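The sequence and structure come next.

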Amino acid sequence: MHASQTAAHELRHHFADMDQQRDTASFGMWIFLVTEIMFFGGLFLSYMLYRFLYPTAFLEGSRHMNIRLGALNTAVLICSSLTMVLAVRCVKINQRKLTVIFLLITMLLGLAFMGVKAIEYHEHWVAREVPGPAFQFEGTDPRHTQIFFSLYFAMTGLHALHMIIGCGLVLFLMINAWRGAYNSEYYNPVEIGGLYWHFVDIVWIWLFPLLYLISHQHVGGGF
Amino acid sequence: MATAVQPVEQTNYLNADYGIKSWLLTTDHKRIAMLYLISISVFFWIGGLFAMLVRLELLTPAGDLMQADTYNKAFTMHGITMVFFFLIPSVPAVLGNFLVPLMIGAKDLAFPRINLLSWYIYVVAGCLWLYTIITGGVDTGWTFYTPLSTAFSNTHVITGALSVFIAGFSSIFTGLNFIVTIHCMRAPGMTWQRLPLFLWSNYAAAVIMVLGTPVLAITLLLVALERAFNIGVFNPALGGDPLLFQHLFWFYSHPAVYIMILPGMGVVSEIVACFSRKRVFGYNAVALASIGIAVLGFLVWAHHMFVAGISLYAALVFSLLSFFVAIPSAIKVFNWTATMYKGSIRFDTPMLYALGFIGLFTIGGLTGLFLACLGVDVHVHDTYFIIAHFHYIMVGGMVMAYMGGLHFWWPKISGKLYPEAWAKLSAMFVFFGFNLTFFPQFVLGYMGMPRRYQSYPPEFQVLNVLSTAGASVLAVGYVLPMIYFLWSLRYGQNAPPNPWNAAGLEWKAASPPPTFNFEVTPVVTWEAYNYDELDKLQEVPIAR
Amino acid sequence: MWSNLPLFPPAASKMAHQVDYLYFFLVGTTAFFTILIVAMVCFFAWRYRRKKNPVATQIEGSMALEMTWTLIPTAIAMFIFAWGAALYFAETRPPRNAMEVYAVGKQWMWKFQHQEGQREINVLHVPVDRDVRMIMTSQDVIHSFFVPAFRIKADVLPGRYTSTWFHATVPGTYHLFCSQYCGTQHSGMVGEVVVMEPAAYQQWAASGSDGSLASEGEKAFMQYGCSMCHRADYQGRGPNLVGLFGKPVLLDDGRTVIADESYLRESIIYPGAKIASGFKNIMPNFQGQISEEELISLVAYIKGLGTGQSNPPATMAEPTAVYPVGPQPEKSQATPSGK
């Protein structure tokens, strides 16, 4: 595989050179992540407001989070970020097979995250903690605990959607990497894919304490 | 004609490839701009139709032309169509898409495929919006206030909100493209201080698009979820807070008005400079003012909520900041006026629109002071005073700037000249019709006529009749350009590369430009608005 | 249609003239700057038209001018801000001892309740030359109480009380509009404010009422069994409400809130949202069982406790209605709610 051949093949017509193309793509991904911060921001703001106004309701709702599974998911995502970083490193040093393996593990960890989330959602459904007509909660202030759960599902649901997109992205990178599209001269797509993946991870790092860790006590699954 | 007309057979972006596929799968920013031009024009007419319904009903004090629900749908759909499907995309998606790469000497935007994607997203949103209209529409007002929209309205709020949600992503991608392009793809020698002010304005608007639109997206998504699943984030009956909705909504929708006006201001800078044959007075100030408007614009949203139930202290802060945000706009108006001082001025149609903009935007902006002022806002909030204020800025300002820009760059876009006499006549219709429509509304508002009213006390009728009369004149002013622009495509005179002898890299390309804009990437060694050099090159500027 | 073409609303309140003065100043400023800009633009357009001035003079800019036309407008803006803020202070802070009228907005009508007991729909009678404070809530969506002649407006929200006040100065009948779009008959949600001479108002107030608002509230207080737990003679299962209104309340989660009208209302229909420190969450929740009008009468009654305007609960006999209380707790070692 000739590096220069691939490089010439990849240069889009409107860029002067690969440097400009790479810098532009990276910058574009950073701007996109800023829009994602603003997108989640509205939900975080709503959460902060209601938690400030109705702390007891939120505390009680948070006690019903499955902290074991939540912590597991946190570990899963952090590991997936590690494997993502390793994938980027491997492509920079032309380790094609390892790149594909790390990307694969990243994607599998992402899918595992989704699986655990599905289990959690199911648990909440059975416990009648899903907002809507079926919602039932024994607590001091069930109305506002329902809002806690609404925000829980909205925030983790939006996060899960981004995870699905992320898994698709990693799959796409993996296939391309397998085909030899990336090497030490041209690895920018893997890098900016990594940026997106890390962002989704960081959103979870914020979600986990805010949603799961308000109270020391948890109903059912505790440590 | 002083210069030779270029041969008609020369390949340009319009004739480079034929067939519907070459248009629908294009990545050429100029073709995408044209796709946008067609689609937003469709929505302009739809929005205008709803406006006509509203104004016709308001000819008489009683609600006698249509049922109340129908009227409520009419003003709602007028607002949503005009704001989200016409005004927000207008200058950026049409003129911006076309001109940004040309003005910086690039071959295309940074992400051409994302540019095409943004158009498709707009079309999908537009189709969902049309579907919403056809199946019965929305009647919540364009502001979707809760709990009316989430729990009480019987109309298609979910599809309406979702269509705006989807359209928002089109806006985000356009803004993202502009920011990255302007940062990363300027031609050698094109420093920030040599950028045309059109690019500064579009850059500032793009920053707002990128930061503000996602908040609207999540807000409308929550409205749709709340309506679908009855969850209560904004509904007090279920423990929620309707004021939270207002804060979230206005956090985007106030900066949104700057998304709408900033690109128009950019157009005005270009036109005033060209038709005064002068560099814009105070270039740095105007550029900085654009950024200032974008930043300050994010800090004033709750001035829409002075009587909504916010605290006194919050009201004071937002009032103060709202006065500050007026200052950069005032600076721009003064600078444009000063640009004309000792200029050499011609009154071609683009200049007429630009001058109209300056006058009407001044009135619109100054009436904003009435609204920033707490004591008076309590009285005029939610009355026709507000409606007059924002129409002065949006229609008297923004739409006139858009029309001016279309006329100014039409030779570049189409390779044809529009008929000047008809264009001047249309500009007169627009100016006169516009003032007749909206000035009486200031008076109506202070008198106390609330907005969104189908019926009103009889003493308000005279002013309403004047307003409707003006609207019909205004409509003529918009119909004429549509006709003669289309006419010019077939029968218009061919345009030289630079019929105005204007400054700016876009005028160095052919009219219309080839697909890749420049054969050789230009190297910029001159300052922006080098009209003295341009005029020296030929004794007298080109007359049409 | 032409014979009576008003171009200005009547000014019928103390604030109206003040608002109008500021408005005229704004109109003057706007006119001044508009004429200035338009005149300069027109003058430059004529004086420097191409025929007369074929060659333009390139001028970079002028820091002095930029500073001038930044600082002067800023100064004017600050002046307008301060003036408007001063008016807003006055507009949003009702004077003490204002006469209180309650309003409930619903799709698509206004319901008023006077302290003396009269109820009105869409028409509001008030005396001239008295401070009147409106305490308002909505039964459904957001409405807005707008009287152009008084230059006042306040949104009316579901789930809480908002208020505004006015001091009418000219007897007459004035428009009342709902100015927050509220659905189908939004433009039909209009009414009148009738400002009467004091004597005429007294006459009107004396006729057609069964008893004051507070006494209605007292009846409801007994009827719903509130007096079983909220006692003034001994520490009951619920906090003593005498003198509560307007005071800070310590909640069980450590927060402190002021016991205003909205707090009282929320505590009746959704007591779990804010539990007074030292008390258990055993109060029945009356959501859906008490109308907004009855809530207003209860609020008016509780406001009057301790001020002499309402009879304290201790003097009441057994409640007249039976209702579910819930499990009987042991005698609570309660400390009184924060006073």
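Which residue follows α4(A), and what is its phi? Asn94(A) follows α4(A), and its phi is positive, near 65 degrees. Helices (H or I, at least four residues) and strands (E, at least two) are DSSP runs numbered from the N terminus. Helix α4 (residues 67-92) of chain A has 26 residues and reaches 38 Å from its first C-alpha to its last, close to the expected 38 Å at 1.5 Å a residue. The expected span is 1.5 Å times one less than the number of residues.

This is a predicted model, in which local features need pLDDT of at least 70 and side-chain atom pairs count only at pLDDT 80 or more, while totals for chains, interfaces and linings use all residues. Residues are numbered from 1 along each chain as its sequence is written, and chains are lettered from A and ligands numbered from 1 in the order in which they are written.

**Confidence**

The predictor gives the complex an ipTM of 0.92 and a pTM of 0.92. For chain C the mean pLDDT (the predictor's confidence in each residue, from 0 to 100) is 87, and 91% of its residues reach 70 or more. Where pLDDT is low, the predicted coordinates should not be read in detail.

Two residues are in contact if their C-beta atoms, placed from the backbone, lie within 7 Å. Nonpolar means Ala, Val, Leu, Ile, Met, Phe, Trp, Tyr, Cys and Pro; charged means Asp, Glu, Lys and Arg; the others, Gly among them, are polar.

| Chain | Its residues in contact | Chain B residues in contact |
|---|---|---|
| A | 27 residues | 32 residues |
| C | 76 residues | 81 residues |

On the side of chain A that touches chain B, α2(A) gives the most, with 16 residues. By class, this side has twelve nonpolar, 13 polar and two charged residues. On the side of chain C that touches chain B, α2(C) gives the most, with 17 residues. That side of chain C divides into 45 nonpolar, 22 polar and nine charged residues.

**Sheet in chain C**

Five strands of chain C form an open sheet in the order β4-β10-β9-β6-β7, with mixed pairing. Strands pair if DSSP finds at least two bridges between them. β4 (123-127) and β7 of chain C are the edge strands, each pairing on one side only. β4(C) pairs with β10(C) (residues 190-196) in the parallel sense over five bridges, and Val123(C) stands opposite Glu192(C) in β10(C).
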